[in-house]
Amino acid sequence: MSDTTTRRVVEASNRQQGDHPSGDNRFELVDKHLKRARYEQDQLIETLHVAQDVFGYLSEDILIYVARALRLPPSMVYGVATFYHLFTFEPPGDHSCTVCTGTACFVKGADAIVQGVSDAYSVPTGETSADGSLTLKTARCLGSCGLAPVVVLDGSVLSHQNAESTLELVGTAVGGEG
Amino acid sequence: MAAPIDLHEVMEREREERFRTRWRVKACSSTACLSAGAGATIKAVEDLVEREDMALEVQVIPTGCMGLCSAGPLVRMMRRGGDESDYQKVTPEAAIEIVRSHVLDEQPVPEYELDVTMPFFTSQERVVLANGGVINPDRIESYVAHGGYQALEKALTTMKPKQVIEQIRLSRIRGRGGAGYPVASKWGLLASAPGKTKYVVANGDEGDPGAYMDRTIMEDDPHRVIEGIAIAAYATGASEAYIYVRAEYPRAIERLDRAIRVARRNRLLGRKILDTNFNLSVEVRIGAGAFVCGEETALLASIEGLRGTPRLRPPYPTEKGLWGAPTMINNVETLANIAPIIDRGGEWFASLGTEKSTGTKVFALAGDITNTGLIEVPMGTSLREIVADIGGGVPNGKEFKAAQTGGPSGGCIPAKFLDTSVDYDSLRELGSIMGSGGLIVMDEDVKMPDVAKYFMEFSMDESCGKCTPCRAGTVQMHSLLQRLTEGNGSKQDLRDLEHLCSVVRDTSLCGLGQAAPNPVISTLQYFRSEYEALIHEEEVVHA
Ligand SMILES: Cc1cc2nc3c(=O)[nH]c(=O)nc-3n(C[C@H](O)[C@H](O)[C@H](O)COP(=O)(O)O)c2cc1C
Ligand code: FES
């Protein structure tokens, strides 16, 4: 989630007035986007992006909400959402570690990093560890191939990584919570 | 309605601004340099300027990619009307030292100086990337000061749509998105398509994992893309356009969005552009992580808000595209070449490159190579020149083994073909493709069956599932490769793999499936012994 979005979320949930009928003010941000998009049905993917940005993931409730707002069958919204890799349907962990597995990073040993983190936290790629502390993801090229292998830990880009260096940094991030 | 921008006045104003201070500090703030810490470097210089009251002497200009990403953060010191010094790996401390040394003592700082006489810089020919490291991508004035929107003005005020297409035809430019289709033919098809509503779509999906040319173009020179779209729309009679950008590129999306707003405010987009009768609206649409959406029919489905599955062609998009209306899709780099062609003429463009592949090509140079970064060379440059001279060769005393081009749809080119000219047709002859411009160098330690498995896993994950050969075939090929690379494969597995390659290539619905076997086919062709060495069977025949 971007900083601005986080701020908007916080602002929205702090606001006393204009409470959203659902009881969850975050829907206001989705509504705002919908209004700007004039409720056009071809704005579905954009709307799902906004919703995921705001809520962190797409729950069934959110999908139904979007479907109603755009007057689309929920099955279609579900079909579109599940087609695209970037949409997730489970709440993310407290920390996120994304390992680039694009070609440049692959050639420079990204696989070992994925394996290392996956083993150390018993978390398969694309999932969140059982205690909810870490989500491990892979990405196909972050466009920083000159810095390969690249890892993004909680939004910051780490260059020239290997399994040990990444594990150390992940450990600090996850452990730092106490 | 506000008056349109006066390009010449802006140029004049910018010229004055340029000479306002004795020093200009240009700092690359492109993605790679930012990841290497350019943000802190720029902040350090800005703080220094404020703290030591240098604002009348020094201006700091954040720019797009300067090219040599592996040496970032990159900084250029420019003296008014005079010399330039380029610096590499500029930490905040180094930046302070460099700026103070230049401004106070008129002395360069050799410790961080970058040798701009090395082939990495001298062997390049920058057309598409001409503004990289030069303009501030966030300011339209900066783009205009370097000739921006002149081509659009020229086209709208002095040329008929047919004459624009004629220049494109003379340039003989081919599409940069992979297939290399002649651009003028596609434009001609859209121009002659019936109907009032026509669309131009810029393909900024850049799915090749290991490539970031299009990203850099969109982030560092968004107005160049917009200008190309506007000229294309004028030439073909389109009045609506979309730029489809992958969601993994938030910065490109933000920059394009802003550039569109600013262009509209300056009457370079919208209604009555530059006071002519030409109208055009442009909108950014965002992908959501599906490689197949780079394929043009899938991309159109995605813009319509649907699952991004491709469909059979014909009908081609130029007949039936977005919402059934004639639509033309061009790659972002293709469109970035349009303004220079109109500015300098199609014949000038055709004089660059080779007979059948004109112009230049941008490559993202990465992998086991000394100088990683973005380069632009005339088509026809040899692979050796790119790898050995510009790229500085393979580091750590290792041997060059192969260069991969074309990503999951391409192949691996072995050392014996290093003297091949890099152009559409030569690469195809070698079983690879130009692709969008990812060029990954692999050294002796990289095992080719692993590379083939890597790309097959990619194609398997990204297959949209609509047609069986691609959906099931990639899974089968992947499991065969898995077995082989684990050392459990048989000669029969290898035969099955080869057979599947031809089946999937010949029967898949779209380019994804048709090209998915390429990495296997090319590595089998050039590195067959590596596959055979993996088979521990009695009957194995040693090469
Ligand atoms: C599976 C697949 C993925 C593709 N991905 C891209 C892409 O990421 N970017 C792109 O410009 N073209 C991509 N293409 C090519 C487009 O379909 C289309 O040919 C191109 O955008 C046309 O632009 P051009 O004529 O300017 O090259 C892809 C094609 C296939 C089959
Ligand atoms: S392949 Fe990892 S950043 Fe490009």
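Modeller: Let's start with pairing: two strands pair if DSSP finds at least two bridges between them. This is a predicted model, by the way. In chain B, strand E1 (residues 23–28) and strand E3 (residues 75–79) are joined by five bridges. Five against a cut-off of at least two, so E1(B) and E3(B) count as paired. They run antiparallel, and B:Lys26 stands opposite B:Arg76 in E3(B).

Colleague: Which strands stand at the edges of the five-stranded sheet of chain B?

Modeller: Its order is E10-E9-E13-E11-E12, again open and with mixed pairing. Strand E10 (373–378) and strand E12 (411–414) of chain B pair on one side only, which puts them at the edges. From one strand to the next, the twist averages 30°.

Colleague: How do you know that strand E9 (residues 360–367) of chain B pairs with E10(B)?

Modeller: Count the bridges: there are six, and the two strands run antiparallel. The rule asks for at least two, so E9(B) and E10(B) qualify. One residue to look for is B:Phe363, which stands opposite B:Ile375 in E10(B).

Colleague: And what joins E11(B) and E12(B)?

Modeller: Four bridges, in the antiparallel sense. B:Gln404 has B:Cys412 in E12(B) as its bridge partner. The two strands form a hairpin with five residues between them, and B:Gly406 in the turn has a positive phi of about 80°.

Colleague: Which helices lie on that sheet?

Modeller: Helix H10 (residues 213–220) of chain B lies across E9, E10 and strand E13 (438–443) of chain B, at about 115° to E9(B). Helix H19 (residues 448–462) of chain B also packs on the sheet, touching strand E11 (400–405), E12 and E13 of chain B. The direction of H19(B) makes about 15° with that of E11(B).

Colleague: Now the two chains. Why is the pair B:Arg285 and A:Asp42 called a salt bridge?

Modeller: The side chains meet at 2.7 Å, N to O. The cut-off is a Lys or Arg side-chain nitrogen within 4 Å of an Asp or Glu carboxyl oxygen, so this pair passes. The rule finds two salt bridges across the interface of chain A and chain B. There are also 18 residue pairs in polar contact across that interface.

Colleague: Which elements supply the chain A side?

Modeller: Helix H3 (44–55), helix H5 (74–83) and helix H6 (103–107) of chain A each give two or more residues to the side that touches chain B. H5(A) has the largest share, with five residues. By class, that side has 16 nonpolar, eleven polar and four charged residues.

Colleague: How many residues are in contact, and what area is buried between the chains?

Modeller: 31 residues of chain A are in contact with 48 residues of chain B. The buried area is about 3,100 Å², and carbon and sulfur atoms give 60% of it. A:Phe83, A:Thr103 and A:Arg140 supply 22% of what chain A buries against chain B, more than any other three residues.

Colleague: What makes A:Tyr39 worth a look?

Modeller: Most residues other than glycine have a negative phi, and most peptide bonds are trans. A:Tyr39 is not a glycine, yet has a positive phi of about 55°. You'll find A:Tyr39 in the loop between helix H2 (26–36) and H3 of chain A.

Colleague: Where are the cis peptide bonds you have in mind?

Modeller: One runs from A:Ala148 to A:Pro149, with omega near -10°. A:Pro149 is in the loop between strand E2 (134–139) and strand E3 (151–153) of chain A. Another runs from B:Gly72 to B:Pro73, also with omega near -10°, and B:Pro73 is in the loop between E2 and E3 of chain B.

Conventions: Residues numbered from 1 in each chain as written. Chains lettered and ligands numbered in written order. Predicted model: local features only at pLDDT ≥ 70, side-chain atom pairs only at ≥ 80, totals over all residues. Heavy atoms only, no water. Contact = heavy atoms within 4.5 Å. Buried area = accessible area lost by both parts, 1.4 Å probe. Polar contact = N/O pair within 3.5 Å; in protein donor to acceptor, adjacent residues only side chain to side chain. Nonpolar A, V, L, I, M, F, W, Y, C, P; charged D, E, K, R; others polar. Axes fitted to C-alpha atoms, helices over the stretch in contact; angles between N-to-C directions.
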